[in-house]
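Consider how the parts of this chain are held to one another.

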Amino acid sequence: MPAPQMPNERWSMDFVADSIVTGRRFRALAIIDDYSRECPVIEVDTSLGGARVVSVLERLAETRGLPEVITMDNGPEFAGKVLDEWAYRRGVKLNFIRPGKPIENAFAESFNGRLRDECLNTNWFMNLKHARNVIEDWRKDYNEVRPHSSLKNMTPMEYANTATGL
(Lines give C-alpha, C1' and ligand atoms only; values in the text may rest on other atoms or scores of the structure.)
Protein backbone atom coordinates (compact mmCIF):
# COMPACT_ATOMS: atom_id res chain seq x y z
CA MET A 1 0.00 0.00 0.00
CA PRO A 2 1.41 3.42 -0.92
CA ALA A 3 2.55 5.72 1.86
CA PRO A 4 0.47 8.83 2.54
CA GLN A 5 1.43 11.64 0.18
CA MET A 6 2.65 15.06 1.17
CA PRO A 7 0.39 18.07 0.67
CA ASN A 8 0.37 19.24 -3.00
CA GLU A 9 3.09 16.74 -3.74
CA ARG A 10 5.61 17.68 -6.40
CA TRP A 11 8.74 15.85 -7.35
CA SER A 12 11.82 16.96 -9.25
CA MET A 13 14.20 14.72 -11.11
CA ASP A 14 17.51 15.12 -12.87
CA PHE A 15 20.65 13.24 -13.85
CA VAL A 16 24.21 13.62 -12.66
CA ALA A 17 27.16 11.84 -14.30
CA ASP A 18 30.44 10.45 -13.00
CA SER A 19 32.80 7.58 -13.73
CA ILE A 20 34.47 4.59 -12.16
CA VAL A 21 38.29 4.37 -11.90
CA THR A 22 38.58 2.74 -15.34
CA GLY A 23 37.00 5.82 -16.89
CA ARG A 24 33.69 4.12 -17.70
CA ARG A 25 30.92 6.67 -17.29
CA PHE A 26 27.73 6.17 -15.32
CA ARG A 27 24.69 8.28 -14.66
CA ALA A 28 22.59 8.70 -11.54
CA LEU A 29 18.90 9.59 -11.71
CA ALA A 30 17.91 11.43 -8.55
CA ILE A 31 14.26 11.95 -7.68
CA ILE A 32 13.49 14.58 -5.01
CA ASP A 33 10.30 15.26 -3.10
CA ASP A 34 10.03 19.06 -3.30
CA TYR A 35 8.05 19.32 -0.06
CA SER A 36 10.19 17.23 2.30
CA ARG A 37 13.48 17.43 0.32
CA GLU A 38 13.62 13.66 0.72
CA CYS A 39 15.31 11.65 -2.01
CA PRO A 40 13.41 8.36 -2.29
CA VAL A 41 15.76 6.94 -4.93
CA ILE A 42 18.98 7.45 -6.82
CA GLU A 43 19.14 5.00 -9.72
CA VAL A 44 22.71 4.38 -10.91
CA ASP A 45 23.68 2.68 -14.17
CA THR A 46 25.62 3.15 -17.40
CA SER A 47 22.42 3.63 -19.38
CA LEU A 48 19.19 5.15 -18.08
CA GLY A 49 16.74 5.72 -20.90
CA GLY A 50 13.08 6.67 -20.79
CA ALA A 51 11.86 3.12 -20.15
CA ARG A 52 14.20 2.83 -17.17
CA VAL A 53 12.98 6.17 -15.79
CA VAL A 54 9.41 4.85 -16.02
CA SER A 55 10.45 1.63 -14.26
CA VAL A 56 11.93 3.64 -11.37
CA LEU A 57 8.77 5.76 -11.12
CA GLU A 58 6.61 2.63 -11.09
CA ARG A 59 8.65 1.21 -8.20
CA LEU A 60 8.11 4.46 -6.31
CA ALA A 61 4.37 4.36 -7.10
CA GLU A 62 4.15 1.05 -5.25
CA THR A 63 5.84 2.34 -2.12
CA ARG A 64 5.00 6.07 -2.01
CA GLY A 65 2.22 6.76 -4.45
CA LEU A 66 2.77 9.32 -7.19
CA PRO A 67 2.98 13.11 -7.14
CA GLU A 68 0.67 15.43 -9.00
CA VAL A 69 3.59 17.03 -10.86
CA ILE A 70 7.18 16.09 -11.77
CA THR A 71 9.59 18.85 -12.79
CA MET A 72 12.52 18.03 -15.09
CA ASP A 73 14.67 19.33 -17.91
CA ASN A 74 14.14 18.57 -21.59
CA GLY A 75 16.64 15.71 -21.84
CA PRO A 76 15.75 12.88 -24.23
CA GLU A 77 15.01 10.47 -21.37
CA PHE A 78 12.36 12.84 -20.06
CA ALA A 79 10.99 14.38 -23.25
CA GLY A 80 10.47 11.08 -25.05
CA LYS A 81 7.30 9.19 -25.82
CA VAL A 82 7.74 6.52 -23.11
CA LEU A 83 7.59 8.93 -20.16
CA ASP A 84 4.89 11.04 -21.80
CA GLU A 85 2.59 8.04 -22.29
CA TRP A 86 3.27 6.81 -18.75
CA ALA A 87 2.45 10.22 -17.25
CA TYR A 88 -0.77 10.45 -19.24
CA ARG A 89 -1.90 6.97 -18.11
CA ARG A 90 -1.00 7.70 -14.48
CA GLY A 91 -2.44 11.23 -14.37
CA VAL A 92 0.90 12.87 -13.55
CA LYS A 93 1.68 16.29 -15.04
CA LEU A 94 5.16 16.66 -16.49
CA ASN A 95 6.56 20.15 -15.91
CA PHE A 96 9.46 20.79 -18.30
CA ILE A 97 11.77 23.66 -17.45
CA ARG A 98 12.78 26.12 -20.15
CA PRO A 99 16.03 25.21 -21.92
CA GLY A 100 19.01 26.84 -20.22
CA LYS A 101 17.04 27.65 -17.05
CA PRO A 102 18.21 25.08 -14.44
CA ILE A 103 16.95 27.39 -11.66
CA GLU A 104 13.45 26.27 -12.64
CA ASN A 105 14.42 22.82 -11.31
CA ALA A 106 16.03 24.24 -8.18
CA PHE A 107 15.37 21.33 -5.80
CA ALA A 108 16.98 18.79 -8.12
CA GLU A 109 19.87 21.13 -8.97
CA SER A 110 20.56 21.84 -5.31
CA PHE A 111 20.38 18.16 -4.41
CA ASN A 112 22.68 17.17 -7.27
CA GLY A 113 25.17 19.83 -6.17
CA ARG A 114 25.29 18.28 -2.70
CA LEU A 115 25.53 14.78 -4.17
CA ARG A 116 28.44 15.92 -6.34
CA ASP A 117 30.28 17.82 -3.57
CA GLU A 118 29.73 15.39 -0.72
CA CYS A 119 29.75 12.01 -2.45
CA LEU A 120 30.84 11.87 -6.08
CA ASN A 121 33.83 14.21 -5.76
CA THR A 122 35.06 12.57 -2.55
CA ASN A 123 35.04 8.93 -3.69
CA TRP A 124 36.90 6.76 -6.18
CA PHE A 125 34.46 4.18 -7.45
CA MET A 126 36.06 0.81 -8.15
CA ASN A 127 33.14 -0.51 -10.19
CA LEU A 128 29.45 0.12 -10.75
CA LYS A 129 28.39 -1.96 -7.75
CA HIS A 130 30.73 0.03 -5.51
CA ALA A 131 29.31 3.30 -6.88
CA ARG A 132 25.74 2.12 -6.23
CA ASN A 133 26.57 1.13 -2.64
CA VAL A 134 28.41 4.36 -1.78
CA ILE A 135 25.71 6.54 -3.36
CA GLU A 136 22.94 4.62 -1.59
CA ASP A 137 24.70 5.02 1.77
CA TRP A 138 25.03 8.75 1.13
CA ARG A 139 21.33 8.98 0.13
CA LYS A 140 20.26 7.28 3.38
CA ASP A 141 22.46 9.61 5.43
CA TYR A 142 21.01 12.63 3.58
CA ASN A 143 17.44 11.49 4.27
CA GLU A 144 17.71 9.99 7.74
CA VAL A 145 20.64 11.50 9.64
CA ARG A 146 21.42 15.06 8.59
CA PRO A 147 19.08 17.84 9.69
CA HIS A 148 18.32 20.56 7.16
CA SER A 149 17.89 24.17 8.22
CA SER A 150 15.16 24.66 5.58
CA LEU A 151 13.17 21.87 7.33
CA LYS A 152 13.24 23.38 10.82
CA ASN A 153 16.41 21.40 11.56
CA MET A 154 14.71 18.07 10.92
CA THR A 155 15.91 15.37 8.56
CA PRO A 156 13.86 14.98 5.38
CA MET A 157 12.44 11.73 6.75
CA GLU A 158 11.40 13.37 10.04
CA TYR A 159 9.84 16.27 8.16
CA ALA A 160 7.94 13.94 5.85
CA ASN A 161 6.66 11.89 8.79
CA THR A 162 5.54 15.06 10.60
CA ALA A 163 3.66 16.25 7.52
CA THR A 164 1.84 12.93 7.07
CA GLY A 165 1.16 12.49 10.78
CA LEU A 166 3.24 9.30 11.13
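A residue is buried when its relative accessible area is under 20%, exposed when over 50%, and partly exposed in between, using a 1.4 Å probe and protein chains only. The model is predicted, so local features need pLDDT of at least 70 and side-chain atom pairs count only at pLDDT 80 or more, while totals for chains, interfaces and linings use all residues. Residues are numbered from 1 along each chain as its sequence is written, and side-chain values use heavy atoms, with hydrogens and water left out.

Arg 64 has its place in helix H1; helices (H or I, at least four residues) and strands (E, at least two) are DSSP runs numbered from the N terminus. Because its relative accessibility is 15%, Arg 64 counts as buried. What does the side chain of Arg 64 meet in a salt bridge? The partner is the side chain of Glu 38, at 3.5 Å from N to O, where a salt bridge is a side-chain nitrogen of Lys or Arg within 4 Å of a carboxyl oxygen of Asp or Glu. Glu 38 lies in the loop between E2 and strand E3 (41-45) and Arg 64 in H1, so the pair ties together parts that are 26 residues apart in sequence. Glu 38 is also buried, with a relative accessible area of 9%.

In total, the structure holds 13 salt bridges. Another of these joins Glu 77 and Arg 27, whose closest N and O atoms are 2.4 Å apart. Glu 77 belongs to helix H2 (residues 76-79) and Arg 27 to strand E2, so this pair links parts that are 50 residues apart in sequence. Glu 77 counts as buried at 13% relative accessibility, whereas Arg 27, at 26%, counts as partly exposed. A further salt bridge is formed by the side chains of Asp 141 and Arg 146 (3.6 Å, N to O).

The nonpolar residues come next. A nonpolar core is a set of buried Ala, Val, Leu, Ile, Met, Phe, Trp, Tyr and Cys residues joined through side-chain atoms within 4.5 Å. The largest has 22 residues, and those with the most contacts inside it include Met 13, Leu 57, Ile 70 and Trp 86. Strands E1 (10-19), E2 (25-33) and E4 (69-72) and helices H1 (50-64) and H3 (81-90) each give two or more residues to this core. H1 supplies the largest share, six residues. Apart from this core lies another, of 20 residues, among them Phe 26, Ala 28, Ile 42 and Leu 115.
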